[in-house]
Amino acid sequence: QALARASAPATGDAPAVTPSCDDGDDPTPAQMEGPYFKPNSPRRSSLIESGTIGTRLTVSGYVFGLGCQPIPNVLLDFWQADTNGGYDNSGYRLRGHQYTDATGAYRLTTIVPGLYPGRTRHIHVKVQAPNRPVLTTQLYFPNEPRNSTDALFDPALLMAVRAVDGGREASFDFVLA
């Protein structure tokens, strides 16, 4: 798991100081982009639009460098399947980008993606610190039956997920080389 901090702040609370970090963390592994990426996604922190159905999911975390320093103004571009396993290839449903804040934090509101043939549940993301190369990867859900049969699944990309009233909360920290 690429979690660089020892513990998550309470929901909605900003950390008082830089979160503790394990200096031994490896960079977040890259994964293939897949066939469904579209450039020029809208800037937004919620991918939920009117009519979006599915289990609500909030994903939050930080982007760190190898020295455990949080990185502000990192571009995160997310895209995913809908609850039925389909991607919007004509518009920008369940697609969007945002930037980390001054503490390196991000927060995405979306839904749990559906399944489609050959894949386990996942969320695609491109992560780019200012003037740095793009990391393209995918985030995965723990305890999914298809994790063991998806050839792309990487346990280092598992989010920490918990059930909350009305949905799920997940956390994942990216570590950039």
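Which residue forms a salt bridge with arginine 93? The partner is aspartate 82, with the closest N and O atoms 3.4 Å apart. Both residues of this pair sit in the loop between strand 2 and strand 3 (95-99), eleven residues apart. Keep in mind as you look around that this is a predicted model.

**Salt bridges**
- The count of salt bridges comes to six.
- In the pair from the opening question, arginine 93 is partly exposed at 39% relative accessibility, whereas aspartate 82 is buried at 16%.
- Arginine 121 pairs with glutamate 144, their closest N and O atoms being 3.1 Å apart.
- That bridge links the loop between strand 4 and strand 5 to the loop between strand 6 and strand 7 (160-164), across 23 residues.
- Glutamate 144 has 14% relative accessibility, so it counts as buried.
- Arginine 44 and glutamate 49 form another salt bridge, with 2.7 Å between the closest N and O atoms.

**Around threonine 120**
- Threonine 120 lies in the loop between strand 4 (105-111) and strand 5 (122-128).
- Threonine 120 is buried because its relative accessibility is 1%, under the 20% cut-off.
- Its side chain makes a polar contact of 2.7 Å with the side chain of asparagine 147.
- Beyond its sequence neighbours within four places, threonine 120 is in contact with residues including Tyr140, Glu144 and Phe153.

**The nonpolar core**
- The largest nonpolar core has 28 residues, and Val59, Phe78, Met159 and Phe174 are among those with the most contacts inside it.
- Strands supplying at least two residues each to this core include strand 1 (56-65), strand 6 (134-140) and strand 9 (174-176).
- Phenylalanine 174 touches, among others, Val63, Leu76, Val127 and Leu139.

Note on methods
Residues numbered from 1 in each chain as written. Predicted model: local features only at pLDDT ≥ 70, side-chain atom pairs only at ≥ 80, totals over all residues. Heavy atoms only, no water. Helix = DSSP H or I, 4+ residues; strand = E, 2+ residues; numbered from the N terminus. Buried < 20%, exposed > 50% of the residue type's maximum accessible area, 1.4 Å probe, protein only. Polar contact = N/O pair within 3.5 Å; in protein donor to acceptor, adjacent residues only side chain to side chain. Contact = heavy atoms within 4.5 Å. Core = buried A, V, L, I, M, F, W, Y, C linked by side-chain atoms within 4.5 Å. Salt bridge = Lys/Arg side-chain N within 4 Å of Asp/Glu carboxyl O.
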